[in-house]
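Subject: Structure handover and notes

Dear colleague,

I am passing the structure below on to you.

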Amino acid sequence: MWRARAAAVCVVCQSLANSSYGVKRKLPLQKVHLVSRSIHHPHYPSSKFPLRISVHRFSSLNHPPFWKTKLLSVKYGYPPHRNFWLARLASRLLKLRYLVLGSAVGGGYTAKKTYDQWKEMLPDLSDYKWIVPDFIWELDEHIDFEKLSKALPDAEDLAKLLPDFDKIGESFSSLKGFFSPGSQGETAFRATDQGYENDKQYKKGLLGELILLQQQVQQHEEEARRAAGQYSTGSSQQKRKVSDKEKIDQLQEELLHTQLKYQRILERLEKENKELRKLVLQKDDKGIHQRKLKKSLIDMYSEVLDTLSDYDASYNTQDHLPRVVVVGDQSAGKTSVLEMIAQARIFPRGSGEMMTRSPVKVTLSEGPHHVAVFKDSSREFDLSKEEDLAALRHEIEIRMRKSVKEGCTVSAETISLNVKGPGLQRMVLVDLPGVISTVTSGMAPDTKDTIFSISKAYMQNPNAIILCIQDGSVDAERSIVTDLVSQMDPHGKRTIFVLTKVDLAEKNVASPNRIQQIIEGKLFPMKALGYFAVVTGKGNSSESIESIKDYEEEFFQNSKLLKTCMLKAHQVTTRNLSLAVSDCFWNMVRESVEQQADAFKATRFNLETEWKNNYPRLRELDRNELFEKAKNEILDEVISLSQVTPKHWEEILQKTLWERVSTHVIENIYLPAAQTTNSGTFNTTVDIKLKQWTDKQLPNKAVEVAWETLQEEFSLFMTERKGKEHDDIFDKLKQAVKEESIKRHKWNERAEDSLRVIQHNALEDRSISDKQQWDAAIHFMEETLQSRLKDTESVIEDMVGPDWKKRWFYWVGRTKEQNIRSETKNELEKMIKCNEDHAAYLANDEVTTVRKNLEAKGVTVDPCLIKDTWHQVYRRHFLKTALSHCNLCRRGFYYYQRHFVDSELECNDVVLFWRIQRMLAITANTLRQQLTNTEVRRLEKNVKEVLEDFAEDSDKKVKLLTGKRVQLAEDLKKVREIQEKLEVFIEALHQEK
């Protein structure tokens, strides 16, 4: 390009030279092209100010004129005679030819050298390759760029956007310092002269160009003012000063206008790029390219942060991974700034009241659709629909209120939310509750301290980026958050200051310089990496993001703060803020993530060493794996119930049922019937008693016995130790599963009705078919009576105290009451000896006789004590008599077959016990069938349901599976998971570079 221009210029100069031959007057130098004047006429003053630009040293402007070089320094003399004018003309033409030829060759060489030097001076944009995804390079296959280029403005429209080169040329000399290699410029994040060495990395890209352009204008204005101050007070000098000032103002106005046009073109191109990216992502989402999309870098990083939030750092491994922490005073506009960055009104809002009650972690990433998803939910909220936005805000508010414990106002529990959409900057932000100065009514007394502790916990992370939000519409002296931020980051190396509500501040603040002082970092005691001014709406909660963007852009276009250079172009709008925060976030991630990975690697080594020393023969099973192991053991034990033999079930059921009903049978059926005088009355009484018992109590008692038996067998299998393989760590879990399963289990309600019919039929059968059944009934009767007799003897011994043998050998005595009962027992035994067929109850006169006999011995006794003692004495006498009668009935089967005809022996009590025994056997068999066929399976189903519920309840597992071994395995699993995810993330991060 430079070579072509040099050739064209030389042709023009040659034509002018040829046309001027033979003409006495010279062509004015003003008619020659500007570039031609710069090359061929270096001594001509092209402007009022000497041209001193940084390009001068690398262009052909530095070379001396070609006719002064040694190559062209030949002097042509004139002949003495005038008739040789043809030779003189030829020599001049030859001189001009060499002049043009040398200029073309030298200019071409110089242009090529200048181009190479400028190419080396261009910044290295390889660090920004991650901005352009891979599919952008494939757009030419799917998009017609010829049509797209026709839609762009033509050269004439673009030329109108450029300023007047003649006027800009006058300011080149004052801007030379900004293009020199050793110049000191401000960074994209600095509004003051307090520069840091690490800020130089933000000068690259389109934003850096705008910054340099603005700096050039500012430097030019300062140079012009200094130059204007050197003029004298004369009238001509005054006019020249006014003319320079007008030119400066005009140049500044044109430059600002150019910046705004450039900004609008840039936004339009970004919008088109956003739509194209959305279309491409949608195609990938539908599987048109038939390739699996990899997980995005920011999603991988967000998963690492989520895992860290769940990790209980028992080994002092702190989470120092970067995230953007949004802090500010209450109602300063934190949430609004975050919504503008996320491009959606996603947070609940209120007027003056505290809305953010817990930290909200928002992960922003790029996607084809603008959606939001909670970490622990699969529901997607479409942020382009107002009803989904309202539902999302309501869900966030509900989660915040649930996280706040009773008696508190705020909570430290983090709510994790992922927001995806086309054009979103990739970063992780945490919105914290607003800092307050006073605790109002309705708040917990410790609300202020709790908010301070939560904010400090997030900001004390040395790699956290602090986004300090300050309300510009209130007095700066009322700010609380600035002092807090200055304490956590005194040097401002990771703080970005954001001034909100600048539109209100411009109206209300009497001195606009105060806003400039804030943005330049001269008003607050805190320091910051960058300062930004934004407008997040007019205060109407129903405003859309697009309307807020339009209002913000319109405000800054017309704002005096920007026109008077109090604010710089790169320091305004939430869009520039989003770009700057995202850039700073990823720089911090690249600098610190490997260090964090090394820290977790060291922690993993310590945990593995501790496990090997304490549990060398055990696998490293975490809580979930231990729960699965225990679940399998419990299910195996439940299945073992079905392996119990029918004989074992029936023996246990029959024995347990008789223990439960024996007292009722002896006391309420057998004893009353035995008091009758003949066999007919005995059988009638027994039948009536058995019928009442079967209808009301027996089926229910049988079901209770069966259910308790099932519980005991289930508990036995659950608590049985299996030798060396038994693991005590599962005992609490098994006990909880057993109790919950038994609590949920209910016996079949129809079982009692069917059981009642079976029991009634069994008790009505009186026929004993063989001698074996007769002997079995007698044996059952003897065991029952002996057991009752033993219990009665024990009760009598407790009543009367030890006998003489125990008193003699064990040196024990009787109490006064025991002596009284002993004397009473002796008198009652004498009465029974006199009448062995005595009735079961004492008559009143008999009670009086016994009492008087005792009084005669000097023993005062109460009639109630006499009756109570008689009950036990007569019971023992009756049981002994029944046992002797049972022995007589051993040979009574023959008489039973003859219905006791022509026999004084009657064995109706044996028949009664046979009926009871047969009923117990049939009932046990029926209950066993219900257990094995129905109830065991239902219990197994209940156990599975309980285990499934416990598996979903993490708190329950933490409560039931405890101990050092479990906690150590949990920590080891978490640390390994974090380290592996960090390594995968670091690898992806390096690939993106």
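This is a predicted model: local features need pLDDT of at least 70, side-chain atom pairs count only at pLDDT 80 or more; totals for chains, interfaces and linings use all residues.

Strand 6

Strand 6 spans residues 427-431 and is mostly covered, with five of its five residues buried. The cover applies to both faces: M427, L429 and D431 are buried on one side, and V428 and V430 are buried on the other.

Two strands pair with strand 6. Strand 1 (residues 324-328) runs parallel to strand 6, and the pairing has three bridges. Within that pairing, V326 of the chain has D431 as its bridge partner in strand 6. Strand 2 (residues 360-365) pairs with strand 6 in the antiparallel sense, over five bridges. Here K361 has V430 as its bridge partner in strand 6.

Surface patches

A patch of negative charge on the surface is made up of E945, E948, E952, D953 and D955. Helix 31 (residues 908-952) supplies the largest share of the negative patch, namely three residues. E948 is in helix 31. Its relative accessibility is 47%, so E948 counts as partly exposed.

There is also a nonpolar patch on the surface, formed by W804, W808, F809, Y810 and V812, which together have about 720 Å² of accessible area. W804 belongs to helix 26 (residues 804-810). W804 counts as exposed because its relative accessible area is 55%, and the cut-off for exposed is over 50%.

Salt bridges

The structure holds 41 salt bridges. Three of them are described here.

R604 and E608 form a salt bridge in which the closest N and O atoms are 3.0 Å apart. Both residues lie in helix 18 (residues 574-614), and they are four residues apart, about one turn of the helix.

R928 forms a salt bridge with E650, with 3.3 Å between the closest N and O atoms. This pair links distant parts of the chain: R928 is in helix 31 and E650 is in helix 20 (residues 646-674), 278 residues apart. R928 counts as buried because its relative accessibility is 15%. E650, at 22% relative accessibility, counts as partly exposed.

E708 and R660 form a salt bridge whose closest N and O atoms are 2.5 Å apart. Here too the pair links distant parts of the chain, with E708 in helix 22 (residues 698-719) and R660 in helix 20, 48 residues apart. E708 is partly exposed, with a relative accessible area of 31%. R660 is likewise partly exposed, at 30% relative accessibility.

Regards

Technical notes:
Residues are numbered from 1 along each chain as its sequence is written. Side-chain values use heavy atoms; hydrogens and water are left out. Buried means under 20% relative accessible area, exposed over 50%, partly exposed in between (1.4 Å probe, protein chains only). Two strands pair if DSSP finds at least two bridges between them. Patches are made of residues with over 30% relative accessible area and no salt bridge: like charges are joined within 9 Å, nonpolar side chains (Val, Leu, Ile, Met, Phe, Trp, Tyr) within 5 Å. Accessible areas come from the Shrake-Rupley method with a 1.4 Å probe; for residues, only the protein chains shown count as cover. A salt bridge is a side-chain nitrogen of Lys or Arg within 4 Å of a carboxyl oxygen of Asp or Glu. Lys and Arg count as positive and Asp and Glu as negative; His and the chain ends are not counted. The place of a charge is taken as NZ of Lys, CZ of Arg, CG of Asp or CD of Glu.
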